[in-house]
Amino acid sequence: MIRTPLRPLARILPARAKGENPDAIERENIRLRHEAMRDKARRRAEGRLLVLGATFFVAFGVIGLRMGVLAQTEPAEPRTSAAGAGILAQRADIVDRSGRILATNFDTHSLYAQPQQMIEPEKTARALVQIFPDLKEERLLKDFSGKRKFLWVKKKISPEQMQAVHDIGEPGLLFGPREMRLYPNGTLAAHVLGGAGFGREGVHAAEVIGVAGIEKYYDERLRDPAQNHEPLTLSLDLPVQAAIERVLAGGMSIMNAKGAAAILMDVQTGEVISIASLPDFDPNDRPRPLVQGKAADSPLFNRAVQGVYELGSTFKIFTTAQAMELGLVSPSTIIDATPPFRVGGHSIGEFNRKNYGKISVSDVIIHSSNRGTGRIALQIGPERQQDFLKSLGFFKPVDFEMIEASGGQPLIPKRWTDLSTVTISYGHGLSSSPLHLAAGYAAIANGGRYVKPTLLKQDGPQAGVRVMSAAVAAESRKMLRAVVVSGTASMGEVPGYAVGGKTGTADKPKENGGGYYDDKVIATFASMFPADDPKYVLIVTLDEPVETSGVKPRRTAGWTAVPVASEIVARVAPLLGLRPEIEQTPLAAITLTSMADGD
Amino acid sequence: MRSFFYVMSALAVIGLAYWAYHENYRTQAAISHAERLEGQIATARQRLRVLNAEWAYLNRPARLRELADINFDRLGLMPLEAQQFGRIDDVEYPPETDLRIDFSGSVEISNQPKLEAAE
């Protein structure tokens, strides 16, 4: 670049000659040079601004276009995913402890109509009634010919029915896919499973929600997409549950009982192997709750969990166990059970007005003496008795994995007087559910730890809070065994298995208050087997049983609940894999007879 | 030298473009293959679920009990009892017969669409 000099001699010399100031020329040149520099800088800045503006314009334009494209296009699932095939069922299966299906899903269809697309409404209505006899033809015709644009005809239809509807050939009848809950075992474990129904419904899908039982308790877990490929494993055992329900139903009809309940519980893990309540229902077609009458008369009522009853003499073992724990008595201590025994103005009597005289604590349990237990309870006192029963869980509903369990709130006296102490010591005045009793007996059976009953399969024994010493639990078990060997539960002997247990017969309180019925009882047998080292606790409760084989009708648990329980033990113990104590048989007696006969 | 450099870069661009398109087509093919397989897995799982449900339904205790009652003359099935337990050394060795069950000629009982042969 050629720089113009600021003081060019060609102009300076003539200017000097004319006597002008040559500095004016220099200033003029400096001005010109600065102007040129300024113009250049401005052009460059303008160019930069232009580039920057263009860049921003293009960038915002691209973002805007992209947003427009995203807003315009149909949403699409990502095509590649690792777990794409995993989520299919919207509700996890429920299986028993060996993986047998208790509840699963089944694909079916719903039927809906769009009347404005119908060609022959009369013919369609007639044909539909032939396929579904429970529909009303006039009603359908009114819906089809009215102003409605959409109506559900059937929520669930079978494939055969779907084909039949297809064959009508009506374009206004449409099908929507549905997933329905299926309980393949019918009424088995109905109260545990509860049932399921549809929640929000659309044409293409419907929510399946649990309405009762464990289906409702674990609704979130069962519907959680992250977990619904993994079945919910219960502690129930399907064959055992089936056998117990069968025997219980038989026992209920033989004993003319209104209802029955049975609970079989593992004493170490707290797993409930079987829980049954009769009468029951089919969860596939859950009946509606009763509108009138007592809720307890509905088949939906779960006697094992919701039913709170005075469970009678089964409580006596808790009284003696606590007295032994406190060191007040030993099994051989002599207790005065002679009348009169008056507490708070009430006379305490015995069954059939017996008088046992002076007997040992063991005999109090074996003969089920109310007066004997009452005297022991007075030594314990109300506060300590309450604390002990509280530690066994008799003061609040059992924390159990069924939505109904919170309804089993025990009924406790408002004022815990000496009379309450005495009556509660033999199971009157405090109402609790059979499940409470099962947990209490499990504490005796497992050596003195309270285990929480659970419906889920466990990995190992529960730690549990210690409520009594192992020695006291062992002494109590000996007494319970003696009750079956020589006491009130003599019908409870099962060949091959040693059973220990305690009977309880409580008069039913009248519904509207004012005393007890003379001829209505709750008969309970709380038992454990094998008695020397109990693995399971079995509670059997019969509601209003009468045994009529004798001259006089018999209602005591020893004649009603005990035979049913012993039959259950005989059927169930082999299924549970308990080895019976068998006598030595001669070698020739056992051969493969079934094979020899079959050929 | 400069022209050689231009030719080489043009060739490199063509080669890389060919490679990129090739990879793209291969990915597309793999995705649609995976989709097809996922569809088949879904059908198979649905079929499995129906068959499981059917198996559970056919093996429900009430039905098995009825079947045991109906076939009592032939099978003589009884509930398991304590008396039926024995000691292992009391049992004779079984005769050597073939106990395998013949499954040939079995009938497909599911109404689900049969799945196409896997590729």
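This is a predicted model: local features need pLDDT of at least 70, side-chain atom pairs count only at pLDDT 80 or more; totals for chains, interfaces and linings use all residues.
Two residues count as in contact here if their C-beta atoms, placed from the backbone, lie within 7 Å.

Five strands of chain A make up an open sheet, ordered β9-β8-β20-β19-β18, and the pairing is antiparallel. At the edges sit β9 (272-278) and β18 (500-509) of chain A, each of which pairs on one side only. On average, and with direction ignored, neighbouring strands of this sheet are turned by 10° against each other. Zooming in on one pair, strands β19 (residues 516-529) and β20 (residues 536-543) of chain A run antiparallel and are joined by eight bridges. One residue to look at is Thr524(A), whose bridge partner in β20(A) is Thr541(A).

Elsewhere in chain A, there is a helix pair to pick out. Helix α3 (residues 121-131) and helix α4 (residues 137-145) of chain A have axes that come within 9 Å and cross at roughly 145°; the crossing is right-handed. On the α3(A) side, the residues that meet α4(A) include Pro121(A), Ala125(A), Leu128(A) and Val129(A), while α4(A) brings in Glu137(A), Leu140(A), Leu141(A), Phe144(A) and Ser145(A). Sorted by class, the contact between α3(A) and α4(A) has seven nonpolar, two polar and three charged residues.

Chain B is a simple read: three helices and zero strands, running α-α-α from the N terminus on. Of the 119 residues in chain B, buried ones make up 3%.

How values were computed: Residues are numbered from 1 along each chain as its sequence is written. Chains are lettered from A and ligands numbered from 1 in the order in which they are written. Helices (H or I, at least four residues) and strands (E, at least two) are DSSP runs, numbered from the N terminus. A residue is buried if 20 or more other C-beta atoms lie within 10 Å of its own, exposed if 12 or fewer, and partly exposed in between; C-beta atoms are placed from the backbone. Two strands pair if DSSP finds at least two bridges between them. Axes are lines fitted to C-alpha atoms, for helices over the stretch in contact, and angles run from 0 to 180 degrees between N-to-C directions. A crossing is left-handed if the near helix is turned anticlockwise from the far one by less than a right angle, and right-handed if clockwise. Ala, Val, Leu, Ile, Met, Phe, Trp, Tyr, Cys and Pro count as nonpolar, Asp, Glu, Lys and Arg as charged, and the others, Gly among them, as polar.
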